[in-house]
Amino acid sequence: MRVFVTGGAGFIGSHTLVQLMRKGADVLSYDNYCNSSPEALSRVKRLAQSDLAIVEGDICDPGALERAMGDFKPDAVIHFAGLKAVGESAEKPLTYYKNNIAGSIALLEVMNKIGCSKIVFSSSATVYDPDKPFPFTEDTPLKAASTYGRTKHFIEDIIRDWSAATPGSSAAVLRYFNPVGAHASGDIGEDPVGIPNNLLPYISRVAQGSLKELQVFGDCYDTADGTGARDYIHVEDLAGAHLAALEYIAGAKGCETFNIGTGTATTVLAMIRAFEAATEQSVPYRITGPRAGDVSTTVANPSKAEQVLGWKAEHDIEAMCRSVWNWQVRNPNGYRTPE
Ligand code: NAD
Ligand code: UFG
């Protein structure tokens with residue numbers, strides 16, 4: 001199978017590439033490296049012990065996309081490329097709408113031109129209305145609370161409409177919950193620029209000593225210990241969900257949506273304890289007020305993915321923590337660490 005992967009050098013893209021290449025797929029990574037490093041792709045090749053095609057390009061550049069896709073002639077596309085920082089999306093809404101939505105439209109137009117009608121799209125649990133009861137099923141009403149989340153909601157609708165209008169098309173929209181972890185080798189992982197926004201990268205910098213303490217954003221939520229609870233999913237499991245989705249769209253028609261999570265919520269304090277136990281490092285923390293825009297709990301009902309895709313998450317919180325720490329220790333400066 002020939003798979004065109006946008007955003008292949010990113011956190012989730014790189015882990016998915018390794019699994020795809022190990023399964024023998026012919027893969028092209030199309031990325032402008034606005035939030036990643038080409039070094040990730042060198043490591044992907046080494047881990048997969050095989051080669052991949054690499055094109056540096058922007059999804060908002062239809063000419064470059066058409067050249068890359070026209071030459072490669074993919075059977076399917078996995079569309080990871082997008083901007084993903086919730087806070088930044090409030091400051092730069094037009095940048096987010098243009099990059100994520102206009103970029104996705106350009107991608108679908110080029111797919112039409114070259115005759116490729118199968119796509120797996122990276123959506124997010126942020127599309128759900130946080131006030132609805134959890135666990136969220138795919139039918140839980142949507143109401144994104146951020147500009148970023150709205151870009152995902154709009155792209156989902158665009159893909160659904162495109163699919164309805166495109167005979168023979170097939171799309172899988174994957175709503176990821178909280179992706180964390182790193183490849184077991186410690187050679188690829190999440191490499192946020194500057195001070196991390198997300199919990200596990202922040203915890204691992206505190207354990208490393210480069211950040212002093214974790215601020216726990218609020219302890220008055222309606223959860224087991226009052227701190228925010230999330231459905232953390234290991235990036236290796238998430239990568240596997242893309243392989244299952246590709247297999248599914250190869251034989252299906254229309255557009256289907258799937259929650260990709262574990263079905264289990266972990267609080268911030270439970271995550272700190274799990275990280276300390278898994279890594280034998282201490283994680284100093286201080287409880288502060290809640291972070292603007294945060295919700296109490298998000299957790300998936302992932303049973304549709306299990307029933308339809310035959311996919312189920314396997315890694316537990318301990319494995320997530322251990323792999324993050326292994327990546328951090330081996331790469332104290334992320335992809336900027338000399339090997
Ligand atoms: P990431 O930033 O590590 O990877 C995204 C990749 O897309 C990067 O390599 C970036 O350089 C590239 N990119 C961005 N805009 C581009 C453009 N215009 N043209 C070409 N390449 C471009 O992010 P990730 O965590 O790997 O996320 C992948 C996808 O999954 C994103 O669409 C993200 O919104 C979505 N998602 C991520 C999370 C999460 O917590 N990591 C949760 C839900 C959904
Ligand atoms: N948290 C802290 N301190 C920190 C960072 C986070 O206490 O320094 C807490 C948050 O308040 C929350 C939990 O840890 O309760 C998880 O926070 P993250 O920032 O790791 O994750 P979010 O659930 O806020 O958001 C993430 C991604 C979004 C994505 C969403 C759902 O950042 O892009 O998951 O997929 F949309």
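Here are legends for a handful of close-ups of this predicted model.

The model is predicted, so local features need pLDDT of at least 70 and side-chain atom pairs count only at pLDDT 80 or more, while totals for chains, interfaces and linings use all residues. Residues are numbered from 1 along each chain as its sequence is written, chains are lettered from A and ligands numbered from 1 in the order in which they are written, and side-chain values use heavy atoms, with hydrogens and water left out.

View 1. Look for Asp-31, where a side-chain N or O atom sits 2.6 Å from an oxygen atom of ligand 1. Asp-58 instead pairs up with a nitrogen atom of ligand 1, its side-chain N or O atom being 2.9 Å away. On its own, ligand 1 has 820 Å² of accessible area, and the protein covers 95% of that (Shrake-Rupley method, 1.4 Å probe; for residues, only the protein chains shown count as cover).

**View 2. The shell around ligand 1.** There are 26 residues around this ligand, and Asp-31, Asn-35, Ser-36, Asn-99 and Tyr-148 come nearest; to count as near, a residue needs a heavy atom within 4 Å of the molecule or strand. By class, that makes eleven nonpolar, eleven polar and four charged residues. Nonpolar covers Ala, Val, Leu, Ile, Met, Phe, Trp, Tyr, Cys and Pro, charged covers Asp, Glu, Lys and Arg, and the others, Gly among them, are polar. Strand S5 gives the largest share of the shell, three residues. Helices (H or I, at least four residues) and strands (E, at least two) are DSSP runs, numbered from the N terminus.

View 3. Ligand 2 has 22 residues around it, with Phe-177, Asn-198, Gln-215, Arg-230 and Asp-294 coming nearest. Strand S8 (residues 214-217) supplies the largest share of the shell, four residues. Sorted by class, the shell holds eleven nonpolar, seven polar and four charged residues.

**View 4. Ile-203 in helix H7.** Ile-203 lies in helix H7, which spans residues 199-208. Its relative accessible area is 0%, so Ile-203 is buried; buried means under 20%, exposed over 50%, and partly exposed in between (1.4 Å probe, protein chains only). Setting aside neighbours within four places in sequence, Ile-203 is in contact with Leu-214, Met-271, Ile-272, Phe-275 and Val-283, where contact means heavy atoms within 4.5 Å.

**View 5. Arg-175 in strand S6.** Strand S6 (residues 170-176) carries Arg-175. This arginine counts as buried because its relative accessibility is 3%. The Arg-175 side chain reaches the backbone oxygen of Glu-138 at 3.4 Å.

Conventions
Polar contact = N/O pair within 3.5 Å; in protein donor to acceptor, adjacent residues only side chain to side chain.
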